[in-house]
Amino acid sequence: MLNHVVARVLPSLLALAGAVIVSAVIIAASGSNPVVAFGALLGGAFGSLDSLSDVGVKSCPLLLAGLAIAVSFQAGVWNIGAEGQLLMGALAMAALGTYGARLPAWLDLASNLAVAAAVGAAWAGIAAQLKLRRNVNEVISTIMLNFIALGLISYLVQGPLMETGGRYPQTDALLPGLWMPRLAPYRIHLGLVIALLAAVAVHVLLYRMVPGYEMRAAGLNAAAARLAGIDVERRVLMALMLSGALAGLAGGIEVSAVTHRLYERFSPGWGFTAIAVGLLGRLSPAGVVVAAIFFGALDAGSNAMQRVAGVSSVLVAVIQATVILFLVALEHRRWLPGSPHSDGESQV
Amino acid sequence: MTVSTDATAPRLAVCDVAKRFANVQALVGVSLEFRAGEIHALLGENGAGKSTLMHVLAGLLRPDTGTILLDGRAVSFASARAARQAGIGMVHQHFTLVDALSVAENLALSLPEQSHFLFDADAAAIEARALAERIGLQLSTPDTLVAQLPVGACQRLEILKALAGGGRVLILDEPTAVLTPQEVRPLFTMLRRLREQGRSVIFITHKLREVKAVADRVTVMRRGAIVGTYDVSSVTESEMAERMVGTVTSPAIRAHRERVDGAVVLQVVEISARDGRGVPALQGVSFAVRADEILGIAGVDGNGQRELFEVLVGLTPPAAGTVTVGEHALTDFNPRAALAAGIGHIPPDRHREGLVLPMTVQENFLLSRNILDRFNRRGLLRRAAACRFAAQLAERYALHFASLDTPVRFLSGGNQQRVVVARTLAEQPRVLVTANPTRGLDFAAAAAVSEALRAVARRGCAVVVISTDLDEVLDLSDRVRVLSRGRLSEALEPPIDMEHLGLLMAGAVATQNEARS
């Protein structure tokens with residue numbers, strides 16, 4: 001049993017070690033001291049309560065979008081469209097956020113978040129319908145839907161949804177009642193708690209519930225699942241829409257808790273980084289939590305690293321990318337026990 | 001063009017070639033000669049070693065021992081390309097063409113390289129045409145995309161590719177399997193023309209009629225060894241069939257069971273179905289299986305076995321006909337409905353369809369609608385109960401694992417199959433449909449699976465064993481029917497006339513409904 005746990009975690013740890021070594025070489029080659037740089041990075045992330053709170057804020061969208069990836073990938077559905085689904089969720093929140101105050105504020109917020117999740121699910125649902133009805137590969141359709149979401153937002157924030165007064169291409173700020181509660185004086189907000197609860201819920205679904213079992217079986221061996229009487233198509237639809245809902249929720253929370261409005265370049269690519277988070281977390285909800293915090297910490301510490309060690313904060317992107325390259329390269333290892341993909345099944 | 005012929009030496013001689021895979025002796029010291037200017041048929045059941053032998057000749061496999069003499073010189077090939085350059089080309093059952101490339105480009109892939117970097121499309125087209133002319137094959141326009149070619153034209157292109165290296169020996173692996181009846185005649189004409197040019201044509205088949213139609217000599221293989229080589233004119237179809245099936249296996253059929261007289265549980269009436277290409281694969285198949293009966297469905301692979309399995313387990317709706325379990329005819333054909341009707345199954349390929357390899361033993365025990373629903377409490381999986389269930393199954397079927405949390409991938413093939421069998425039997429099916437249930441298992445595991453099937457039959461289940469392994473069918477079944485070219489024979493009861501069985505398998509005698517129509 002312990003062996004299998006080690007076999008699951010080991011590739012992630014090896015990939016991390018590899019990424020640290022590679023980035024240390026790059027830092028040294030650019031004339032800085034790797035030890036100083038990494039120290040600054042760590043300090044910037046975990047050095048104070050303020051920075052810790054910042055890590056939490058940065059981790060939140062990655063965690064939810066990472067869960068979106070985990071759900072769909074475990075069901076064998078390659079949703080590359082978390083970015084678009086996240087943007088659509090953010091759009092829903094921003095569009096609804098200037099109305100309201102009909103209900104108690106917390107109920108308004110909760111219902112708006114639900115709408116954001118539903119819009120994300122619907123956006124993913126387009127790809128699901130294309131896949132099930134027209135056999136369109138979801139990798140293609142979800143990527144294309146990302147561009148459509150970007151274009152749609154670009155149009156809306158410069159046109160119909162542009163702020164009153166029309167100075168900048170952005171929406172009006174949310175009504176203060178719809179702002180996600182924070183733990184003042186820190187920036188950390190209630191959204192992180194929602195994201196952690198979502199991780200628990202996804203874990204229960206995948207490992208404690210029949211639909212989740214069916215999704216995993218369908219993802220690992222669709223032919224066997226079908227012959228066992230599992231409705232594979234239904235599970236594909238469910239996985240993709242749930243994935244979209246989680247991504248949409250990520251966007252909605254980010255608008256409500258951090259930006260309070262929507263503008264172009266709202267997302268720095270959370271939906272894509274989420275794929276890295278999902279893979280680093282080995283597609284398990286617990287792993288995704290750890291991976292999201294790690295990526296959030298890199299993000300939060302990068303400015304300190306630039307300030308203190310003079311290493312460009314872009315290096316963080318290098319670390320993230322290197323982790324994924326190592327991880328993918330380790331997927332087909334023969335010398336590690338228990339590779340989940342060693343039987344030529346679904347590959348990333 | 002004619003290939004020079006040395007009258008004294010055989011074109012190709014195989015001397016004492018043996019080949020062993022992990023736990024199967026595929027070839028046991030095989031010696032065989034092929035002459036120049038002959039069409040030599042290689043006849044045998046599935047697993048007789050025909051393909052292994054040909055793969056050795058074509059450079060795809062290396063023999064463990066033995067030598068191969070091409071025109072009297074010992075040869076050894078590092079690759080299929082090397083064999084082809086030396087003059088031995090093989091056409092596989094599954095084409096090895098690149099759909100997105102043109103005819104000329106596909107041909108260029110098997111020609112000696114002109115340059116490592118540049119591809120001269122015009123030169124390739126000219127060369128392709130020249131090659132086709134030398135051999136006298138009609139080639140489609142060189143710049144046609146292969147994706148647009150009909151099957152017969154693809155096969156001609158494959159033959160041309162195989163002959164590109166000089167073509168002293170051409171090996172064809174069941175070339176008629178992919179062809180429509182109308183396409184077979186031109187193929188045979190072409191093979192005769194190649195023979196006139198002095199080439200050796202080796203023709204793998206298990207259809208006696210084709211041997212008679214086109215071959216000069218025939219070699220019969222059984223269990224990795226040569227039974228004999230005969231002039232086709234001097235053997236009858238029934239003699240060939242008898243040698244192919246072998247008379248050594250006396251019907252080990254369950255002779256102790258006098259007569260099965262339980263109620264009919266499974267009734268299949270006039271089932272027809274098409275395969276993936278839309279070609280009729282099952283034609284008016286009817287049979288009944290009683291409680292406490294094991295019906296064996298023998299036959300050579302590709303005669304409708306897969307389609308029959310798919311119809312019975314609900315994967316493919318039949319084009320016509322009905323399946324009735326007990327009193328109820330199946331109205332929906334999907335796996336869920338079949339399971340609900342009480343039709344359990346053991347699929348032919350446990351890795352592809354029977355198990356989810358990365359999941360644990362315990363999780364794989366749940367992999368059936370019927371079992372999963374037992375542990376479903378409004379969506380929640382009743383884990384404790386499922387765990388007890390798995391432990392009971394492991395206990396009852398003497399499954400010895402380190403832990404039920406072991407991914408099933410780490411189990412031996414025998415234990416994996418036991419997981420499938422245990423799960424299926426736990427459903428307490430009224431009908432059990434199995435396909436090659438003991439394939440690839442060692443003796444002990446195969447015996448355990450066989451015993452489990454007999455036990456479930458004794459408890460009143462109607463069991464169907466669809467198998468391309470005749471020994472397996474004879475070992476398990478109370479009665480045997482033969483599926484040949486999508487038609488089912490009458491039931492053979494013990495004692496079984498092995499010669500008749502062989503003829504049925506080879507499609508040499510008409511099945512009942514064929515005679516009727």
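Reply: In chain B, the centres of domain 1 of chain B and domain 2 of chain B are 35 Å apart, taken over C-alpha atoms. Domain 1 covers 12–245 and domain 2 covers 264–516, with bounds that come from an automatic or database domain assignment. Keep in mind that this is a predicted model: local features need pLDDT of at least 70, side-chain atom pairs count only at pLDDT 80 or more, and totals for chains, interfaces and linings use all residues. Residues are numbered from 1 along each chain as its sequence is written, while chains are lettered from A and ligands numbered from 1 in the order in which they are written.

Now the contact itself: 14 residues of domain 1 of chain B meet 15 residues of domain 2 of chain B, where a contact means that C-beta atoms, placed from the backbone, lie within 7 Å. On the domain 1 side, the elements giving two or more residues are helix 7 (208–214) and helix 8 (237–245) of chain B; helices here are DSSP runs of H or I with at least four residues, strands are E runs of at least two, and both are numbered from the N terminus. Helix 8 of chain B supplies the largest share of that side, 6 residues. Sorted by class, the domain 1 side that touches domain 2 of chain B has 5 nonpolar, 4 polar and 5 charged residues. For those classes, Ala, Val, Leu, Ile, Met, Phe, Trp, Tyr, Cys and Pro are nonpolar, Asp, Glu, Lys and Arg are charged, and the others, Gly among them, are polar.

Technical notes:
Two residues are in contact if their C-beta atoms, placed from the backbone, lie within 7 Å.
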